[in-house]
Amino acid sequence: MSLLGIPTTGTVVPAAVPEPVRRAAAGRPIPAVLGADLAVPVRGGRLVPYANLDYAASAPCLEPVSAAVAAALPAYSSVHRGAGYASQLTTARYEQARHTVRAFVGARPGDAVVFTRNTTDAVNLLARALPEGTTVVVFDTEHHASLLPWAGAVRLAPPAFPGEAVRAADEALAGVDGPKLLVVTAASNVTGELWPIAALAHIAHRHGARILVDAAQLVPHRRLNLTALDLDYVAFSGHKLYAPFGTGVLVGRPDWLARAEPYLKGGGAVRSVGAGDGGGAEWHADPEARHEAGTPNVLGAVALAAACDALSATGWTALVREEERLLARLRTGLAGIEGVHELALWGPDHPRVGIVSFVVEGLTAREVAEALSDEYGVGVRDGKFCAHPFVRHLLGGVKDGGCADTAVSAVRASIGIGTTDEHVDRLVRALEEIVSRRGAPAPK
């Protein structure tokens, strides 16, 4: 069993899986991504197939997601209050997307599903909905989206091992009176390591607290069941789930949301508005309507639901096996290059999703990333990945100058649907060549 309470597999599928068509164990194809045939220029003027290893930032669009959006466009219209056929159809698609997302994360029947712009927006929505006097406990290992929205949060140092994370949360929550919320990631956007969210949820509830899980980096890689894990809230983004159409979602208990001031005040959130200076507004009691003022991103919701359907239909066993095979290939290749060091909070054997961050001795992360792109057509991420405190910790607690300081940063390679053996091998070969010429002038 994994730290998430979900069965995992260490089975390795054969390396000779045919490309581009890969099939799940039950014969269902792993869906293709748009841009798989993208050619990019490299130094010297050649065009090479793009090796996209930046899925953790934004995943490409799945073909079935693009098809779902294209199918919805001809009848696109207003939602919720239109009498015309197109409006009714668009409304039905939008609300069906809400049901699909609810099922995808295994939510409880009464849980609210509020569409937002992205994970950051979803977390900020919950931050605005906290009961007065709520204390938030959060680890310094979080993405800024989960670290920054809280006023006066209790911030915990990066734990040395998973059990210490549970102990630290236990002690922090025990010392807090009144409403309290524990905030934690399910999978690190820096190291890919899985967090013990089931144990943390148990600890939170033992102290009368609630838990919010940032699932942005988990749901593209693993099945999540909110009910089985006993989570109160989860937030994630479409653009990391192969649905890059500007939608995220907050799923969870409705009571805090139903009592909070609307996140946005305007049409759709209101039941009635009085006239004149003394005319007040009566807001919707339904938390979904209450916090979705204005015309929603219908196509984004349709896209998100289509991604959920596509991953569920493929089956998580096939997706996880393929990812674990590619991840092992990548990590083995990096480990064999002298001067390349993978970053990890809990060691090389801790379970993780397809994200690897590393540093290269004698080179800045920006130099490595630019060389990979300019010379080899490999796309990776460099920087601090919107997790400045965590990256500084992993680099030994060094001080840095923020986003602009490229000397104190790392390179991140991340994989997903569409990643091939050739992409991984090209990255490893490229790094071998880049490392071998450290200190020499860059090729022209």
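The largest cavity holds about 130 Å³ of space. A cavity here is a set of points, on a 1 Å grid over the protein atoms alone, where a 1.4 Å probe fits but cannot get out; its volume is the space filled by probe spheres set on the points, with grid points joined across faces, edges and corners. The structure is a predicted model, in which local features need pLDDT of at least 70, side-chain atom pairs count only at pLDDT 80 or more, and totals for chains, interfaces and linings use all residues. Residues are numbered from 1 along each chain as its sequence is written, and side-chain values use heavy atoms, with hydrogens and water left out.

The largest cavity is lined by 14 residues, and the closest to its centre are Tyr242, Leu319, Glu323, Gly416 and Ile417. Lining residues are those with an atom within 4 Å of a point. Helix 11 (residues 316–335) gives the largest share of this lining, five residues; helices are DSSP runs (H or I, at least four residues) numbered from the N terminus. The lining comprises nine nonpolar, two polar and three charged residues, where Ala, Val, Leu, Ile, Met, Phe, Trp, Tyr, Cys and Pro count as nonpolar, Asp, Glu, Lys and Arg as charged, and the others, Gly among them, as polar.

In the whole structure, two cavities of 30 Å³ or more were found. By class, six nonpolar, three polar and one charged residues line the second largest cavity.

Now to the helices. Helix 1 (residues 63–72) and helix 10 (residues 298–314) have axes that come within 8 Å and cross at roughly 140°. Axes are lines fitted to C-alpha atoms over the stretch in contact, and angles run from 0 to 180 degrees between N-to-C directions. Helix 1 is therefore oblique to helix 10; angles under 35 degrees count as roughly parallel, over 145 as roughly antiparallel, 65 to 115 as roughly perpendicular and the rest as oblique. The contact (heavy atoms within 4.5 Å) involves Pro64, Val65, Ala68, Val69 and Ala72 of helix 1 and Leu299, Val302, Ala303, Ala306, Ala307 and Ala310 of helix 10. By class, this contact has eleven nonpolar, no polar and no charged residues.

Helix 5 (residues 162–174) and helix 6 (residues 197–206) pack at about 15°, with axes 9 Å apart, so helix 5 is roughly parallel to helix 6.

Conventions. Helix = DSSP H or I, 4+ residues; strand = E, 2+ residues; numbered from the N terminus. 1 Å grid on protein atoms, 1.4 Å probe; cavity = no way out; pocket = protein on both sides within 12 Å on 5 of 7 lines; lining within 4 Å.
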